[in-house]
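Student: Could you walk me through this model, starting with the surface and then moving on to the charge pairs and the backbone?

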Amino acid sequence: METPQQPRWLTDEEMETWHALAGVMVRLPGALDAELQRDAGVSHVEYLVMAMLSQTEGRTLRMSDLAGHTGSSLSRLSHLVKRLEKSAWVRREPDPTDGRYTLAVLTDAGHAKVVESAPGHADAVRRFVFDALTGAQQRQLRDIGRRIWRTVAPDDHCLPPPS
């Protein structure tokens, strides 16, 4: 009879590190969301969706790919895109290469919203993340983030290549 394997409990130092990371994961999205809501009238995830579309060829992505990029379910993304459609920032249309898919297209008004919102968002990211770190710490954070991302989602095609 095999002895059950004992849990690998975190050391005190690992627990401190985990609490720091968990605190950032919980509080940073809310802080970015509050800034964008106040300054631009959009949520962080709405901005993220429009910014991703703005960086693609033709400002267009399949809804399924966009869901993958945002870490969202297709159903949740569909509701979010419906809100963006009401503001005329995004529209949906059938994929002309495969009618089984739906495309999300950033409109000119949506692109203008991204351009208008980007400076404030960049400032918030700088204040909340980069201003507190040295250049060496920023590079370490990038490398640590990529390593954890690769461990959590090894097949994620959104993961940027190592620099």
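Tutor: What follows goes through the surface patches, an annotated domain, the salt bridges and some backbone angles. This is a predicted model, in which local features need pLDDT of at least 70 and side-chain atom pairs count only at pLDDT 80 or more, while totals for chains, interfaces and linings use all residues. Residues are numbered from 1 along each chain as its sequence is written, and side-chain values use heavy atoms, with hydrogens and water left out.

Student: Which residues make the nonpolar surface patch?

Tutor: Leu-10, Met-15, Trp-18, Leu-21, Met-25, Ile-144, Ile-148 and Val-152 form it, over about 740 Å². Helix 1 and helix 6 (135-152) are the elements that give two or more residues to this patch, and the largest share, four residues, comes from helix 1. Patches are built from residues with over 30% relative accessible area and no salt bridge, joining nonpolar side chains (Val, Leu, Ile, Met, Phe, Trp, Tyr) within 5 Å and like charges within 9 Å. Accessible areas are computed by the Shrake-Rupley method with a 1.4 Å probe, and for residues only the protein chains shown count as cover. Helices (H or I, at least four residues) and strands (E, at least two) are DSSP runs, numbered from the N terminus.

Student: What about charge, which residues gather in the negative patch?

Tutor: Asp-12, Glu-13, Glu-14 and Glu-16 do, on the surface. Asp-12 belongs to helix 1 (residues 12-40) and is exposed at a relative accessible area of 64%. Asp and Glu count as negative and Lys and Arg as positive, with His and the chain ends not counted.

Student: Which residues does the UniProt domain cover?

Tutor: The unreviewed UniProt entry carries the annotation "domain: HTH marR-type" over residues 14-150, although such annotations may be inferred rather than shown by experiment. Over residues 14-150 the chain is 72% helix and 9% strand, and the end C-alpha atoms lie 20 Å apart.

Student: Changing topic, how many salt bridges does a search of the whole structure find?

Tutor: It finds 12, where a salt bridge is a side-chain nitrogen of Lys or Arg within 4 Å of a carboxyl oxygen of Asp or Glu. In one of them, Asp-108 pairs with Arg-59, with 3.4 Å between the closest N and O atoms. Asp-108 lies in helix 5 (residues 108-130) and Arg-59 in the loop between helix 2 (44-54) and strand 1 (60-62), so this pair ties together parts that are 49 residues apart in sequence.

Student: Last one, what is the phi of Arg-59?

Tutor: Its phi is positive, about 50°, although Arg-59 is not a glycine, and Arg-59 counts as partly exposed at 23% relative accessibility. Ala-88, which is not a glycine either, has a positive phi of about 65°. Ala-88 sits in the loop between helix 4 (74-86) and strand 2 (90-94) and is partly exposed, with a relative accessible area of 42%.

Definitions and conventions: Charge placed at Lys NZ, Arg CZ, Asp CG, Glu CD. Buried < 20%, exposed > 50% of the residue type's maximum accessible area, 1.4 Å probe, protein only.
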